[in-house]
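Me: Hi! Could you walk me through this one before I set anything up?
Reply: Happy to. Here it is.

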Amino acid sequence: MAERLSLPGFVDAHSHAFQRALRGRDEGRDFWAWRDGMLAEAARQTPETVRSGYAQVYRELRSAGYTAVGEFHYLGFEEALAAWDAAHEAGVDLVVLHTAYARGGLDRFRQESVSEYLGEVEELAGRGVRIGLAPHSVRACPPDWLEEIGRYAEREGLPLHVHADEQPREIEECLAEHELRPLELLARTGCLSPHTTIVHATHASAAELDLLAESGARVCLCPTTEANLGDGFAPVEGLLARGIPLCIGSDSNVRIDPLEELRELDGIGRRQTGRRDLFSPASLLAIGSSEGAAALRLDEWHGVEVDLGHPSLRGIEPERIPGALVAGCHAGVLL
Ligand SMILES: [Zn+2]
């Protein structure tokens with residue numbers, strides 16, 4: 001039997017499992033057109049489709065080496081319970097990042113008030129669901145909701161995940177409404193702390209990155225989705241220069257492969273700087289595993305094994321395996 005190497009499992013800190021259904025479809029001319037198709041897909045979900053469909057996606061994630069998943073969930077309360085069941089069935093450790101949605105989107109995304117939202121969070125936690133807070137974005141949540149959710153996360157020691165700075169239009173709208181950029185608004189409303197994970201930060205300014213560094217917040221990058229949606233290049237050089245912790249997410253699940261996410265992340269940094277030594281292989285593997293677990297506040301999660309007999313590892317010396325995984329392998333080497 002071929003030898004195996006044990007590694008910490010990969011952690012997918014940002015998934016929308018239902019969006020897997022959009023893979024391969026005509027996805028529209030830009031992010032906003034893609035979003036229309038995504039909303040149509042969201043509208044047709046039921047607790048039953050979530051239970052069966054998510055179990056399939058989580059099995060796909062698990063077979064690609066992700067053993068823990070943060071599901072950024074905005075389809076409703078019953079569907080959150082169904083997602084929890086699906087993860088159990090597929091054998092992945094799930095954190096339901098239950099979303100607060102005050103305005104926009106679909107009816108099913110929204111709560112009437114922030115106290116209704118926090119009531120849902122408490123009910124889910126009471127039923128044994130591992131939970132995190134997720135104000136969807138500064139588009140979907142006004143400042144008073146953000147303040148309340150930031151305070152609650154701090155008091156309860158819960159992770160707080162929020163989309164920010166993915167698309168230029170979101171920043172323009174935030175500036176028009178608040179005269180602040182999204183990360184400035186999140187800082188002002190008490191939503192930036194070491195518990196916080198900012199998803200994307202693609203178009204964050206230097207001043208916004210400084211705010212992240214001061215607060216101890218981390219950033220979840222989802223490079224294959226960000227490429228597919230035409231979001232832009234993550235500011236890898238600026239994040240790294242400030243020592244901002246990073247993790248990865250499969251996000252839309254258009255592609256499911258943690259090694260490819262890490263390779264893209266490293267590749268963006270190499271293209272931006274002309275340097276090849278921004279990340280060590282060990283630090284990239286940590287971004288793919290323990291850093292994601294920290295973002296989800298998970299202390300334990302399952303490991304994975306590398307198939308050392310896989311053709312893509314032929315001729316690689318043992319000490320070069322981590323580098324070879326990130327540079328030249330796909331998730332098929334992970335067992
Ligand atoms: Zn997302």
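Me: Let's start with α2. How many residues does helix α2 have, and how far does it reach?
Reply: Helix α2 runs over residues 47-63, so to speak, with 17 residues. From first C-alpha to last it reaches 24 Å, close to the 24 Å expected at 1.5 Å a residue. Keep in mind that this is a predicted model.

Me: Which residues of α2 are buried?
Reply: They are Val50, Tyr54, Ala55, Val57, Tyr58 and Leu61.

Me: OK, α1 next. What is its span?
Reply: Helix α1 covers residues 31-43, which is 13 residues, and its end-to-end C-alpha distance is 18 Å, close to the expected 18 Å. The buried residues in α1 are Phe31, Trp32, Trp34, Arg35, Met38, Leu39, Glu41 and Ala42. They cover an arc of only 160° around the axis, so they sit on the same side of α1.

Me: What covers the buried residues of α1?
Reply: The cover includes α6 (168-178). At the start of α1, there is also a side-chain oxygen of aspartate 30 within 3.1 Å of the backbone nitrogen of tryptophan 32.

Me: Switching topic: I'd like to look at phenylalanine 72. Where is it found?
Reply: Phenylalanine 72 is in strand β3. Its relative accessibility is 1%, so it counts as buried.

Me: What is phenylalanine 72 in contact with?
Reply: Leaving aside neighbours within four places in sequence, the contacts of phenylalanine 72 include His14, His16, Leu97, Pro135, His136, His161 and His163.

Me: Now the charged ones. What is the nearest side chain of opposite charge to glutamate 226, and how far away is it?
Reply: That would be arginine 271, 11 Å away. Glutamate 226 is buried and has no salt bridge. It lies in helix α9 (residues 223-228).

Me: Which side chain does glutamate 226 have a polar contact with, then?
Reply: Histidine 200, at 2.8 Å, side chain to side chain. Beyond four places in sequence, glutamate 226 also touches Thr202, Cys220, Leu221, Asp231, Gly232 and Ala234.

Me: Speaking of aspartate 251, what is its phi?
Reply: It is positive, about 50°, although aspartate 251 is not a glycine. Most residues other than glycine have a negative phi. Aspartate 251 sits in the loop between β9 (246-248) and α11 (258-273). With 3% relative accessibility, aspartate 251 counts as buried.

Me: Which loop holds aspartate 165?
Reply: The one between β6 (160-164) and α6. Aspartate 165 also has a positive phi, about 60°. Its relative accessibility is 0%, so aspartate 165 counts as buried.

Me: Great, thanks!

Note on methods
Residues numbered from 1 in each chain as written. Predicted model: local features only at pLDDT ≥ 70, side-chain atom pairs only at ≥ 80, totals over all residues. Heavy atoms only, no water. Helix = DSSP H or I, 4+ residues; strand = E, 2+ residues; numbered from the N terminus. Expected span 1.5 Å × (residues − 1). Buried < 20%, exposed > 50% of the residue type's maximum accessible area, 1.4 Å probe, protein only. Arc of directions from axis to C-beta. Contact = heavy atoms within 4.5 Å. Polar contact = N/O pair within 3.5 Å; in protein donor to acceptor, adjacent residues only side chain to side chain. Lys, Arg positive; Asp, Glu negative; His and termini not counted. Salt bridge = Lys/Arg side-chain N within 4 Å of Asp/Glu carboxyl O.
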